[in-house]
Amino acid sequence: MKSFKPIWTMLIAALLLAAACTDTKAKKSSENKGAINKSSAAEKVYVAPGEYDEFYAFMSGGFSGQVSVYGLPSGRLLKVVPVFSVDGEKGYGFNEETKPLLETSHGFIPWDDAHHPELSQTNGKPDGKYLFINGNNTPRVARIDLSTFETAEIIELPNAGGNHSSPFTTENSEYVVAGTRFSVPIPQTDMSIADYKGKFKGSLSFISVDPEHGHMDVDFQVLMPGFDYDLAHGGKGKSHGWMFFTTYNTEESHTLKEVNASQNDKDYIAAINWKKAKEYIEQGKYKEMDSEYLINRYDEKKHLAESITRKKVRVLDPTECPGVVYFLPTPKSPHGVDVDPTGSYIIGNGKLNANLTVHSFDKMIQAIENKSFADEAYGIPVLNFEDVVAGTVESGGLGPLHTEFDGEGNAYTTFFISSEVVKWKLGTWEVLDRVPTYYSVGHLMIPGGDSKEPWGKYMVALNKITKDRYLPTGPELAHSAQLYDISGDKMELILDFPTIGEPHYAQAIAADIVMNRSKKIYPLEENEHPHVTKSEADARVEKNGNEVHVYMTTIRSHFAPDNIEGIEVGDKVYFHVTNLEQDWDVPHGFSVLGAQNAELLIMPGQTETLLWEPLKPGVFPFYCTDFCSALHQEMQGYLRVSAK
Ligand code: CUK
Ligand code: CUA
């Protein structure tokens with residue numbers, strides 16, 4: 001209990017200060033707007049009409065459950081990819097093909113809180129194949145295929161109470177990790193919340209990614225003490241084979257009323273030797289636990305998602321598997337944990353601290369070899385802080401959260417409370433530069449900035465609060481991204497642009513890597529959808545009791561069939577619409593008056609299904625909802641519904 005009061009007072013002071021800072025900054029911003037060299041900034045972000053951006057940036061949508069895709073440096077919004085949300089624009093979560101993606105062991109859940117996008121990697125570099133993103137609430141990890149920019153898979157996590165420290169990847173995406181946010185009873189059981197301490201548990205999931213198809217599955221979990229697990233990042237280079245997670249609430253408090261969760265002066269960074277864990281798995285030193293979870297995969301040939309139910313998961317107990325987990329004491333509720341491009345330094349940002357703690361991977365290995373342990377926590381060795389710390393950055397800021405790297409030996413850290421980004425030097429720990437952000441920056445992103453070979457050049461601050469930066473839009477304002485040129489010694493703010501939802505984290509990659517993999521059409525001859533119609537001659541209506549299947553085709557600019565009769569009130573009508581086009585950028589849409597399920601948006605060569613249940617007799621029009629040609633407005637038809 002020693003530091004209970006001071007920490008609590010400090011927390012309040014910090015929050016008050018945050019409010020004060022935001023207020024003064026808000027007033028200052030209009031003055032500050034003049035401080036920007038407008039013509040030089042404009043030139044740096046200007047992408048001439050018809051030209052492409054240099055980078056793709058992928059931003060999490062937070063509580064929107066989506067990912068948004070921007071071009072950098074222009075800040076132009078290119079696409080919104082629905083992941084954990086339904087999206088009427090694309091029919092995602094409404095058509096029969098994508099509904100299974102949102103199934104969980106708790107039923108159909110068309111929402112989640114998406115925090116961290118992470119690009120798949122090859123040799124420690126983003127390879128442009130996939131983008132992973134976590135669902136924080138009902139613990140899930142999604143994989144977006146970057147050849148189609150569509151959600152290809154969503155896996156649920158067993159034995160987890162939320163999923164925040166996720167989905168960070170190893171050097172070759174051998175694993176994508178997911179640490180529980182909250183500890184819960186594992187296995188789940190009905191018990192008193194007050195008995196949390198010592199009884200609740202955490203889990204860290206190691207999700208394997210099949211190199212050929214990208215298919216995910218939970219390879220194994222490491223069962224952990226009942227702390228909260230906040231963020232993670234993979235080792236690289238010399239530290240490849242390790243994964244680092246921050247923890248907080250090592251007091252195992254179940255209520256904030258007593259503010260117990262910030263009582264300890266130091267929490268831990270958990271260092272997991274996953275290569276060693278894998279050896280234990282191969283030796284069979286795991287327990288198989290009953291725990292149900294779903295894997296929902298979209299099959300690109302069948303144009304259809306299917307759910308697979310798993311009933312068991314392999315679990316490692318670190319007390320029975322020595323060498324897998326070590327705790328590195330880290331001051332003041334570490335939030336972000338980031339590993340520099342050489343893999344030598346592990347940076348833990350204690351969010352209630354002003355200084356940054358940098359641990360040395362080499363020193364950590366040395367201490368482990370010397371068996372120089374300070375203590376243990378639930379049978380897990382705790383290293384001596386002095387044995388592992390490489391340095392401290394005296395930042396002069398408040399509320400450090402996240403760090404990224406430019407590949408030139410510099411690190412950039414966000415400070416949420418003092419609303420700024422601080423640039424500092426790895427190895428000497430000296431502060432080189434600082435810039436204000438508007439306001440309350442959370443994560444920041446440098447293209448490739450958490451990989452072995454950052455592209456550098458730009459830094460994007462992802463801000464929670466916009467205040468006076470844009471035209472007001474009622475009580476709710478868009479969150480905001482700010483683009484800084486970091487190619488010189490001084491960071492230079494060059495652009496503000498609004499984001500969709502809360503941009504917790506982002507990733508960016510050189511545009512050509514993704515462009516070269518981007519799909520233009522789905523070949524019609526490869527379409528294996530169970531209800532495909534490959535030519536207009538095969539278009540037809542099949543009625544079986546009260547189930548009607550309409551095998552429909554679209555091509556500029558008509559539907560076949562376009563007059564449908566014989567439907568009765570109470571029927572279930574499935575429109576299986578195949579887009580016969582084989583040209584890039586010619587989707588067709590489909591909807592019908594009274595459709596209970598949004599619309600379809602069908603890509604060239606694809607089949608999608610809309611379920612419609614007519615409730616009234618009459619004649620109902622349907623039409624194409626997506627502009628496709630000069631005759632788009634004529635692309636329509638009629639359905640006749642008779643009383644039963
Ligand atoms: S968290 Cu949002 S500022 Cu969910 Cu990555 Cu740190
Ligand atoms: Cu087809 Cu508009």
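**A walk through a predicted protein model**

Hi everyone, let's begin in a loop: Asp585 sits between strand E39 (572-579) and strand E40 (588-592). Asp585 is not a glycine, yet its phi is positive, about 70°. Is Asp585 buried or exposed? Asp585 is exposed, because 10 other C-beta atoms lie within 10 Å. By the rule used here, a residue is buried if 20 or more other C-beta atoms lie within 10 Å of its own, exposed if 12 or fewer, and partly exposed in between, with C-beta atoms placed from the backbone.

Before we go on, two notes on what you are looking at. This is a predicted model, in which local features need pLDDT of at least 70 and side-chain atom pairs count only at pLDDT 80 or more, while totals for chains, interfaces and linings use all residues. Residues are numbered from 1 along each chain as its sequence is written, and chains are lettered from A and ligands numbered from 1 in the order in which they are written.

Now the overall picture. The protein has six helices and 44 strands. Helices (H or I, at least four residues) and strands (E, at least two) are DSSP runs, numbered from the N terminus. Along its principal axes, the C-alpha trace spans about 80 × 65 × 45 Å. For 644 residues, a compact globule would have a radius of gyration near 26 Å, and the protein agrees with its 26 Å. That radius is taken over C-alpha atoms, and the globule rule is 2.2 Å times the number of residues to the power 0.38. Buried residues make up 52% of the 644. Of the contacts with a separation of 6 or more, 62% join residues 24 or more positions apart; a contact means that two C-beta atoms, placed from the backbone, lie within 7 Å.

Let's turn to the helices. Which residues of helix H3 (residues 274-282) are buried? They are Trp274, Ala277 and Tyr280. Their arc around the axis is only 105°, which puts them on the same side of H3. The arc is that of the directions from the helix axis to the C-beta atoms. As a reminder, an α-helix has 3.6 residues a turn, so residues three or four places apart point the same way. The buried residues of H3 pack against several strands, including E11 (175-182), E13 (216-224) and E16 (266-273). Just after H3 comes Gly284, with a positive phi of about 80°.

Helix H4 (residues 361-369) has Phe361, Met364 and Ala367 as its buried residues. They cover an arc of only 125° around the axis, and this puts them on the same side of H4. Among the elements covering them are E16, strand E19 (325-331) and helix H5 (385-388). Lys371 follows H4, and its phi is positive, near 50°.

Next, the nonpolar cores. A nonpolar core is a set of buried Ala, Val, Leu, Ile, Met, Phe, Trp, Tyr and Cys residues joined through C-beta atoms within 7 Å. The largest one has 126 residues, and Ile207, Ile272, Met459 and Val460 touch the most other members. Its largest share, six residues, comes from E13. Apart from this core lies another, of 26 residues, among them Tyr551 and Leu610. Leaving out residues up to four places away in sequence, Met459 touches Tyr412, Val421, Leu444, Ile446, Tyr484, Ile486 and Met491.

On to ligand 1. Which residues are around ligand 1? They are His115, His116, His164, Leu231, His335, Leu401, His402, Gly442, His443, His504 and Tyr505. Strands E6 (114-122), E26 (400-405) and E30 (441-445) each give two or more residues to this shell. A residue counts as near if its C-beta atom, placed from the backbone, lies within 6 Å of the molecule. By class, the shell holds three nonpolar, eight polar and no charged residues.

Finally, a few backbone details. The peptide bond from Tyr438 to Tyr439 is cis, with omega near -10°, and Tyr439 is in the loop between strand E29 (431-436) and E30. The bond from Arg556 to Ser557 is also cis, with omega near 0°. Ser173 lies in the loop between strand E10 (161-165) and E11 and has a positive phi of about 50°, although it is not a glycine. Ser173 counts as buried because it has 26 C-beta neighbours inside 10 Å.

Terms used. Nonpolar A, V, L, I, M, F, W, Y, C, P; charged D, E, K, R; others polar.
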